[in-house]
Amino acid sequence: MQQDNPDITFITASAPVATSSHGGRAKCLQRLVRLDLPVPKTVALSFDEVHRIAAGDMPDMAALIAQLQSDSLICVRPSSEDPDWGGPGAILNIGMNDARHAELSKSLGGEAANALYARFIQSYSIHVARLDPDMFDDMDMAAEDICEQALAAYEDEAEEPFPQDPAKQLGGVLRSMARAWEGTSARLLRQAKGAPADAGLGLVVQEMVLGLGHGECGSGVLQLVNTTTGMPQTTGRYLSQSQGRDALETGAASLYIEKDPRGPSLEEEAPVAFEALKVHAALMRERLREEMQIEFTIENGAVHILDGVRVQRSARAAVRIAVQLAKDGIIPREEALMRIEPRALNELLHRQIDPEAERDVIATGIAASPGAATGKIVFSAAEAQASAARGENCVLVRRETNPEDIRGMHAANAVLTERGGITSHAAVIGRGLGLPCVVGASSLRFQMRKKGLIAPDGRVFREGDVITIDGSEGQILAGQPPMLEAALDDAFQALMDWADDARDIDVRANADTPADAKTARNFRAKGIGLCRTEHMFFDADRLTVMREMIFADASDDRRSALEQLLPMQRADFIELFRIMEGQPVCIRLFDPPLHEFLPTDRAGLRDLAEALSLPLSDVTRRVEALGEYNPMLGMRGVRLGITIPEIYDMQARAIFEATIEASRDGDPVVPEIMIPLVSAKREVELVKTRVDAVAAAVRTETGVDFTYRLGVMVETPRAALRAEEIAPHCHFFSFGTNDLTQMTYGLSRDDAGRFMSAYVQQGVYPEDPFHTLDAEGVGELLKLGAERGRRAQPDLTLSVCGEHGGSPESIAFCRRIGLDYVSCSPFRVPVARLAAAQLAIQDKIG
């Protein structure tokens with residue numbers, strides 16, 4: 001059956017229907033027709049036709065209806081190019097009028113006919129005539145005269161009778177849906193979902209199969225997988241409407257799909273139809289190459305397929321579905337990899353709040369580390385440790401965290417801070433530990449002395465109260481909602497194996513502790529790209545020795561204190577090397593300013609004076625003397641290593657002695673030593689000379705030879721610009737994009753969260769540069785540094801070890817400029833592996 005107008009197309013197997021011109025629903029229905037499935041007659045209206053209808057240029061309604069079965073009711077559904085873009089709601093039962101009501105009253109009974117007509121009048125009034133929905137509030141939809149009431153209410157409100165001509169009804173519906181799509185609010189809503197401003201809408205006009213009659217009748221949906229887990233399970237819902245019972249009324253019987261001890265099922269009531277639906281669903285899965293949900297009706301035992309839509313799924317289910325489709329030979333592995341959004345893997349790696357759970361949201365902040373956890377509020381690291389010792393879950397609440405809070409963060413189940421951004425201390429450490437974290441929650445009032453939190457709605461939460469942190473959504477919730485556990489199952493492992501086969505850039509992990517290293521190893525990172533050694537000094541026994549070193553005036557006194565730390569540091573490195581089993585381990589030499597190791601309150605100063613046997617006044621003066629106006633731009637990194645060289649000497653010796661010890665039992669270890677915060681060639685020369693001297697001394701003392709690689713962390717703009725003169729002294733460059741972004745923008749990464757959302761909303765920055773690498777500014781420095789470094793040292797290894805290393809967009813940039821690997825928090829390693837694989841596949845596709 002053909003139509004002169006090519007934009008109004010009767011759907012057949014060969015009709016010119018395309019997703020780009022008629023929308024996804026129209027194209028799916030055509031595919032179902034090609035599979036010879038029992039699809040009711042359908043007409044597709046193109047984007048262009050719908051646009052003309054919105055402008056008032058109406059097609060011939062009588063001719064359109066003539067293409068369908070003359071005595072059937074009609075429904076109209078939206079058909080956008082992407083189902084996620086939404087669209088106006090479907091309108092059913094078009095064609096219901098006084099005459100049709102009388103006919104159906106005879107064949108189906110008055111109750112069913114009344115319900116169909118009354119619901120259509122209500123739907124038409126609200127969505128087409130745009131009348132006040134309140135006009136139906138006082139009506140009893142079960143009343144025998146409900147249709148008369150509804151018709152009278154329409155005529156009174158619209159000041160004209162309800163249209164009886166099906167063609168006029170259909171025209172009104174099409175015009176209403178077309179104009180709704182082109183309205184300002186609808187356009188803004190779909191643009192927020194990623195749709196282009198000029199996205200078109202198609203409409204499908206389909207004859208209705210009511211699923212009402214005297215045999216087995218009903219309607220429902222069916223799918224072959226579980227939406228949450230992705231495991232095989234025939235599931236859905238079915239409303240039995242036999243003997244004229246109507247789904248719109250309470251008389252309808254809701255059935256389970258498969259046999260179920262809780263009640264009747266479609267499988268039991270209509271076994272032939274049930275088997276037919278399963279066969280149809282399996283065919284759709286194979287031929288449409290996707291798990292589909294069937295919308296169906298059964299009329300007097302006969303099955304009719306009204307629509308097929310992609311099964312809604314959690315991230316966990318998405319992975320299993322894609323992997324199983326590939327294993328069954330329905331799609332290639334590369335396509336399975338491309339179907340998974342890399343960031344969605346966070347749902348598998350961490351506990352999450354059950355999507356069905358009620359959320360009592362107290363406040364919101366920046367989603368800094370994914371996952372969700374519940375615990376009692378504590379306000380200090382010591383309280384967190386005490387809570388963990390009692391076996392109680394806790395949430396550590398701080399204005400902002402610092403290195404002294406590390407042990408408390410290890411003990412806590414989640415972290416909440418008032419200040420900070422996506423690369424603040426709490427965020428970076430939280431991601432490294434796999435610890436749910438929300439930072440920058442400034443809408444909460446933090447009362448640290450009174451140990452309380454005041455929510456925007458006035459509720460007060462005290463120490464010991466239970467809250468939940470959702471680090472994936474940036475929400476703080478009251479109480480303990482139900483959770484879904486992490487799921488690193490066989491499907492996840494298979495997907496990761498395929499990703500490793502496809503990707504062409506390595507992924508390492510940032511790992512500071514043996515626990516981090518084990519996590520990295522479990523996620524199959526190709527080594528450690530950044531080990532921050534300063535985090536090893538905050539245990540109580542080490543912190544006291546570190547403070548002794550800081551207070552020492554002479555080099556010999558400093559060396560004496562550091563000799564106490566040497567065996568501890570050596571043991572740390574031995575364990576890291578053994579866990580990584582021959583994989584590269586890049587160790588960053590001591591970086592933070594010394595003041596971070598000193599107390600700031602009166603009680604802490606008094607304890608330190610007692611520990612060092614010094615007058616409190618001397619301790620106070622020394623602490624004040626070490627203070628800096630801007631410590632992150634002061635005496636830290638390589639500057640500390642040059643002015644107090646004993647620190648780097650001790651660390652180098654610990655690394656080399658650990659190298660020898662760890663190499664005795666397994667593969668030879670080749671440590672990578674990284675100098676932080678370099679900005680000048682001479683800095684590298686000075687540190688390299690001392691490190692080489694320590695290596696020579698260790699070789700002489702032990703009689704054992706070993707090799708190591710020395711490199712720099714490029715995190716100042718000058719280091720990137722002067723890369724050509726720095727590179728000849730190095731084996732590798734690792735771009736520390738957290739600090740490089742901070743210095744390039746002149747932004748404090750700990751404070752930027754206070755205004756960043758406003759900047760992004762107003763278009764000052766397209767994205768938070770601490771979250772997504774700024775390719776134009778910071779990226780230009782990376783590109784220059786890489787090019788100039790390799791010009792002087794062609795075999796220079798290049799990498800990124802800032803948190804951008806786990807961002808799919810940033811990995812794309814790193815590949816483009818030829819970096820060898822990226823390094824990120826252990827729990828972001830799978831995300832990076834999948835993103836890298838997808839980028840490699842995209843390049844092959846072209």
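Which residues touch the most other members of the largest nonpolar core? In this predicted model, they are Phe656 and Phe733. That core holds 132 residues. Look at Phe656 and set aside its neighbours within four places in sequence. Phe656 is then in contact with Ile673, Val691, Val694, Ala695, Val698, Phe706 and Tyr708. There is also a second, separate core. It has 57 residues, among them Val43, Ala54, Val128 and Leu131. In soluble globular proteins, nonpolar side chains tend to be buried together.

Now turn to a pair of helices. Helix H21 covers residues 555-580, and helix H25 covers residues 646-665. The two pack at an angle of about 30°. Their axes lie 7 Å apart. The crossing of H21 and H25 is right-handed. What kinds of residues make up the contact of H21 with H25? Twelve are nonpolar, four are polar and nine are charged.

Helix H15 spans residues 381-389. Its buried residues are Ala381, Glu383, Ala384 and Ser387. Seen down the axis of H15, these buried residues fall within an arc of 160°, so they line one face of the helix. Which elements do the buried residues of H15 pack against? They pack against strand E14 (372-378), strand E15 (394-398) and helix H16 (406-411). The face of H15 turned away from this buried side carries Ala382 and Ala389, which are exposed. Just after H15 comes Gly391, with a positive phi of about 80°.

Note on methods
Residues are numbered from 1 along each chain as its sequence is written. This is a predicted model: local features need pLDDT of at least 70, side-chain atom pairs count only at pLDDT 80 or more; totals for chains, interfaces and linings use all residues. Side-chain values use heavy atoms; hydrogens and water are left out. A nonpolar core is a set of buried Ala, Val, Leu, Ile, Met, Phe, Trp, Tyr and Cys residues joined through side-chain atoms within 4.5 Å. Buried means under 20% relative accessible area, exposed over 50%, partly exposed in between (1.4 Å probe, protein chains only). Contact means heavy atoms within 4.5 Å. Helices (H or I, at least four residues) and strands (E, at least two) are DSSP runs, numbered from the N terminus. The arc is that of the directions from the helix axis to the C-beta atoms. Axes are lines fitted to C-alpha atoms, for helices over the stretch in contact, and angles run from 0 to 180 degrees between N-to-C directions. A crossing is left-handed if the near helix is turned anticlockwise from the far one by less than a right angle, and right-handed if clockwise. Ala, Val, Leu, Ile, Met, Phe, Trp, Tyr, Cys and Pro count as nonpolar, Asp, Glu, Lys and Arg as charged, and the others, Gly among them, as polar.
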